[in-house]
Amino acid sequence: MTEEKKDKEDKEEEDDDVFPFIKGDNIDLVAGNSKWANLSCKWRNDPKVRHYARNIWPQTLEEVRKRFEPLPDKQMRDSIKFTIYHKQSKRPIGRIGFSRIDWVNRNANIFAIIGEPEYWGKGIAGEASKLMINYGFTELNLHKILSGVFTPNKRSLRAAEKLGFEKEGVLKEEMYVDGQYHDVHRFALFKRDWKKKDE
Amino acid sequence: MEKNTRLTFIEGERIELLPINPENVKIHARWENDPKARLYTRNVFPVSPEDLKKRLEQDQERPKRDIFFEIYHKELDKIVGFVEFHNINYINNAAYLSVLIGEKELWGNYLGTEAAKLMIKYGFEELNLVKITASALRPNKGACRIIESIGMKLELVLKNQVYFDGVYIDELKFCIFREEWEQMNK
């Protein structure tokens, strides 16, 4: 088999295992696949990525693989995660999801990580977040979506504002990063305000 | 039961709602098996205290899919029945309500009504539900009385849905919405 043919077959194989759950323009939100454990592991350890994602623990491939295991048989999850899949490049480039889902109070924390730095600054996180937020309000029936961003992460601060999040407050010196304490800015978005945007 | 050892969760006028006490499993089994009490609940299988114990042990998840309370009668100082939410759906914000007064001599005193009213308030104000449903078999006059007096309205009739005493009979589905309930309680 020549290199080219093999590459093509690999890419086609990739398509078979890609299960879009929410479709976007440049990206789809797809179900996680343990095939991508090595990529996920790379992102979690990559100094550039983990600086903003706040991974301070080294992650082994075994640890990361465990995250792809089926969830225990619970009715309701306290987190929901998707892989961000770039349609044109046909590759996973990040992760997005809700964590700390509170079903009675109907709120959740949104997080997004673009693991491949060449995709930063291209509006990917914004597009993925829009899809995720829409899903949260119109499918999960959430009332409020929260997000926390620490001061040096200017891109995420801008992204939150563009999406219509409002600053709820500041948690002072909440995070210790690179030898310094930083403030975390708390943002919130309500379902009533999101619907208005769509109209 | 002493007031300070009793685990009152919701307080009513004549009754209180308490979490299920596993020590009462024999009383629960008596009610669940009692031919008159189980007549309209359609428990067609016998239930042993072991079965009930097991049911309690499965109750581990959060947020809870089912919530059970014992109905404690203050004056008589004993538990007299159950009231429950089943199949709580946190995305649809709906749950199914069920009441059983196990002590037959207390039937006809609207104790079931009082328990159901406390449960509905708990469901709308604490669990953030939007719709509460209940069902009753057509011949079950007692249940239909309770259901109407708590403000539920008939939503559906499932025809010949249940095999009862040798024939198929209708099951009636009722519901109440939070908006309606808030209006009623202004």
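## Questions on chains A and B

Reader: Let's start at the end of a helix: which residue follows α6(A), and what value is its phi near?
Author: Helices and strands here are DSSP runs (H or I over at least four residues for helices, E over at least two for strands), numbered from the N terminus. α6(A) is followed by G164(A). The phi of G164(A) is positive and near 100°.

Reader: Before we go on, at which pLDDT do side-chain atom pairs count in this model?
Author: Residues are numbered from 1 along each chain as its sequence is written, while chains are lettered from A and ligands numbered from 1 in the order in which they are written. The model is predicted, and totals for chains, interfaces and linings use all residues, whereas local features need pLDDT of at least 70 and side-chain atom pairs count only at pLDDT 80 or more.

Reader: Back to α6(A): which elements do its buried residues pack against?
Author: A residue is buried if 20 or more other C-beta atoms lie within 10 Å of its own, exposed if 12 or fewer, and partly exposed in between, with C-beta atoms placed from the backbone. In α6(A), residues 154–163, the buried ones are S156(A), A159(A), A160(A) and L163(A). They are on the same side of α6(A) because they cover an arc of only 100° around the axis, where the arc is that of the directions from the helix axis to the C-beta atoms. Counting residues as in contact if their C-beta atoms lie within 7 Å, they pack against α5, β6 and β8 of chain A.

Reader: Chain B has a helix I'd like to compare; which residue just after α5(B) takes a positive phi?
Author: In α5(B), residues 141–149, A143(B), I146(B) and I147(B) are buried. Their arc around the axis is only 95°, so they sit on the same side of α5(B). These buried residues pack against β5, α4, β6 and β8 of chain B. Just after the helix, a positive phi of about 95° is taken by G151(B).

Reader: Now the sheet of chain A: what angle does α5(A) make with β5(A)?
Author: The eight strands form an open sheet in the order β1-β2-β3-β4-β5-β6-β8-β7, with mixed pairing; two strands pair if DSSP finds at least two bridges between them. β1(A) and β7(A) each have a single partner strand, so they stand at the edges with one side left without a neighbour in the sheet. The twist averages 30° from one strand to the next. α5(A) packs on this sheet, and, with axes fitted to C-alpha atoms (for helices over the stretch in contact) and angles run from 0 to 180 degrees between N-to-C directions, its direction makes with that of β5(A) an angle of about 155°.

Reader: Which residue in β5(A) is the bridge partner of D102(A)?
Author: β4(A) and β5(A), the latter being residues 107–114, pair in the antiparallel sense over seven bridges. In β5(A), D102(A) is partnered by N107(A).

Reader: And in chain B, which residue of β3(B) is the bridge partner of P19(B)?
Author: In chain B, eight strands again make an open, mixed sheet ordered β1-β2-β3-β4-β5-β6-β8-β7. β1(B) and β7(B) stand at its edges, each with a single partner strand, so one side of each lacks a neighbour in the sheet. β2(B) and β3(B) pair in the antiparallel sense over five bridges. In β3(B), P19(B) is partnered by F69(B).

Reader: Is R100(A), which has a positive phi, buried or exposed?
Author: R100(A) is not a glycine, yet its phi is positive, about 50°. The residue lies in strand β4 of chain A. With 12 other C-beta atoms within 10 Å, R100(A) is exposed.

Reader: K90(A) is not a glycine either; what is its positive phi?
Author: K90(A) lies in the loop between β3 and β4 of chain A. It is partly exposed, with 13 other C-beta atoms within 10 Å. Its positive phi is about 50°.

Reader: Finally, how many residues are in the largest nonpolar core?
Author: A nonpolar core is a set of buried Ala, Val, Leu, Ile, Met, Phe, Trp, Tyr and Cys residues joined through C-beta atoms within 7 Å. Among the members touching the most others are I84(A), A128(A) and A116(B). Leaving out residues up to four places away in sequence, A116(B) touches V83(B), L97(B), V99(B), I146(B) and I150(B). The number of residues in this largest core is 73.

Conventions
Two residues are in contact if their C-beta atoms, placed from the backbone, lie within 7 Å.
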